[in-house]
Amino acid sequence: MEKQVSPFAVLVQKEIGDYIYSWKFLILLGIILLTTIGSIITILSLIKDYAANIDLENSFLFLNLFTASDGNLPPFISIISFLGPIMGLALGFDVINVERNRGTISRVLAQPIPRDYFINSKFVAALMVIAVSIFSIGFLIMGFSILTLGIYPTLDELLRIIFFLLFTCFYIAFWLNLGILFSTVFRQSATSALAGLAVWLFYTVFYSMIMNLIGNAIYNSQADTSLFLTRMNRLSPIGLYTELTTILLTPSIRATGVLSFEQLFGALPSTLPFSQSLLLVWPHVCGLIAATFICFAIAYLIFMREEIRA
Amino acid sequence: MPGTIIETDKLTKIYNGYRAVNELTLSIEEGEVFGLLGPNGAGKTTTILMLMGLTEPSSGTVRIAGYDSTREPLQVKRIVGYLPDQVGFYENRTALENLVFTARLNGITEEEARKSADELLDTVGLSEVKNKKVGTFSRGMRQRLGLADVLIKNPKIIILDEPTIGIDPKGVNDFLALIKSLSRERGITVLLSSHLLNQVQKICDRVGIFIKGNLKAVGKIEELAGELLKEGNIEIRIVVKEEPNEEIAEKVKALSGVSELTADKREMRIVAREDLSSPIAKLLIDSGFSLLHLSTKEYSLEDVYEFYYGGGVADGEAS
């Protein structure tokens, strides 16, 4: 006797199936492969230089796989912070409005399932697709490097990489939920895609420019301005993610803010253990998760209150 | 007569100050085919959505097989199949996959779902295209697939919202016959909405005429016609050469079966319960009038319906 599957699992299954068979996903897969190949090529050409400069005490050579850049191709973490939003938005921008326009939503909601299963299953399915993709890229890079270079990560490095990949999923989940939010607000999927891209473009290009202008206008001293910029940067999901990953993958970063000479006095110029780095980025992680859930909560509320036929 | 299965009590829905459905009180018996008849924007879809628990009523209650649609929508959806007016399928999935998906959402195991999907596709005549993607289907095929989709959960009630829109006349007849036979064979209660009287007339045991959110009349088609055509269903138009006087008008009125007479100069309009054209003509000629024109027109339920239609529902979609 076959086991009865819960309707929620059926919905998630169908969503994942839809993603995997869609052009959207194939294009994303292409992007992912290019990213992976690009970063591996970068690493292969650079790793010798890094290896030559190894400091015997703090040799986090493996982490360079993700942060190294030859000046032409950006490092892996930058590529992900740039392409991740596209991936999230691509998976999220049409989940609700397409179903509404095609009329499938009323058919599905006429089945004995709670209404929120619909939006929740979209979220869970997209998150699963994202997690599988991100972890496969990460592990592909690691595996390939171990094979070709013969170096392997320490436990500390491995943990850092796994958490980096996990937080990357959160970051992409934020953009996914922004996409879902727009897909509930806008009837046309083209509009919601453009709205998502507009937000992305704003944060990638214009946000730091605008903040620079404001900072220079308000503060006179260079120190105040840079403090202001650092703080403002944390209000941008991209800035938050960049800072988070940089700290996590660069154990020598000891603090997120400016340290005074008094604070630095007597400190040993050593790297932080993993747990301390994690502590340092914890607020960032919370911020990202909060932003993700705020987007989802708004989308959820709109979806639950909206008439099926408006 | 078996018990009542759908019952609404003063069901009201207000959209932005507009009363889409106004104090609808209706009860539908188990096993009957009920037609909700009304022009576009009369509130039929809104009523159906409230029955399904997909929209919350502003006031009033709905009970389906004892369950409150607003409070216990899951129980209601378990026994009610709903075919929306614009039924949508996942275009890049096959007909069979779409049906199996619906079945599994109803907690039917995949194996059973495949079996009953196969049978249903056979019933609705789509077994040859069951492995084709729905994207390639015509409107009529989609509608039949929609019917299979509604039936796969083994419902007690099926609600069809404008099921015949966009299908060619032959397709409509086949489709309606299919609904009728399914209802008879499986004892399913059918609630069907339409703006086309002749279709409703064909298969419905009872109809409700729904205009501007108000239920104007409910009953068996014949009863309804009888009730609405109490005044008589034949209109006789007569033109005479000489202007008719009071006396002749009284005489015509006195004929049994005449219920109304209006005279305008040389023209008379008579509403009667049966065709009285020859007695009237005889009477007129005997009284010395020369008959110039005599015509009769039979009213049908269609005319009555159109009369209600004309009652000011020209402003289109109300939703």
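Which residue in β13(B) does Glu235(B) stand opposite? In this predicted model, where local features need pLDDT of at least 70, side-chain atom pairs count only at pLDDT 80 or more, and totals for chains, interfaces and linings use all residues, the residue opposite Glu235(B) is Val271(B). Residues are numbered from 1 along each chain as its sequence is written, chains are lettered from A and ligands numbered from 1 in the order in which they are written, and side-chain values use heavy atoms, with hydrogens and water left out.

Chain B is divided into domain 1 (4-227) and domain 2 (230-298), the bounds coming from an automatic or database domain assignment. The C-alpha centres of these two domains of chain B are 47 Å apart.

Strand β11 of chain B comprises residues 234-240, and because six of its seven residues are buried, it is largely enclosed by the rest of the structure. Buried here means under 20% relative accessible area, computed with a 1.4 Å probe on protein chains only; strands are DSSP runs of E with at least two residues, and helices are runs of H or I with at least four, numbered from the N terminus. β11(B) runs antiparallel to β13 (residues 267-272) of chain B, with six bridges between them. It is also joined to β14 (residues 291-298) of chain B, again antiparallel, through seven bridges. Two strands count as paired if DSSP finds at least two bridges between them. In β14(B), Glu298(B) is the bridge partner of Ile234(B).

Arg206(B) belongs to strand β9 (residues 206-211) of chain B. This arginine is buried, its relative accessible area being 19%. Among the residues that Arg206(B) touches, leaving aside those up to four places away in sequence, are Ser27(B), Phe34(B), Val218(B) and Lys220(B); contact means heavy atoms within 4.5 Å. The side chains of Arg206(B) and Glu32(B) are joined by a polar contact of 3.0 Å, a term for a pair of N or O atoms within 3.5 Å in which, within protein, one must be able to donate a hydrogen and the other to accept it, and residues adjacent in sequence count only if both atoms are side-chain atoms.

Turning to chain A, the lining of the largest cavity includes Leu28(A), Ile80(A), Met87(A) and Ile172(A). A cavity is a set of points, on a 1 Å grid over the protein atoms alone, where a 1.4 Å probe fits but cannot get out, and lining residues have an atom within 4 Å of a point. Helices α2 (23-52), α4 (76-92) and α7 (115-149) of chain A each supply at least two lining residues, and α4(A) gives the most, with five.

Technical notes: Buried < 20%, exposed > 50% of the residue type's maximum accessible area, 1.4 Å probe, protein only. 1 Å grid on protein atoms, 1.4 Å probe; cavity = no way out; pocket = protein on both sides within 12 Å on 5 of 7 lines; lining within 4 Å.
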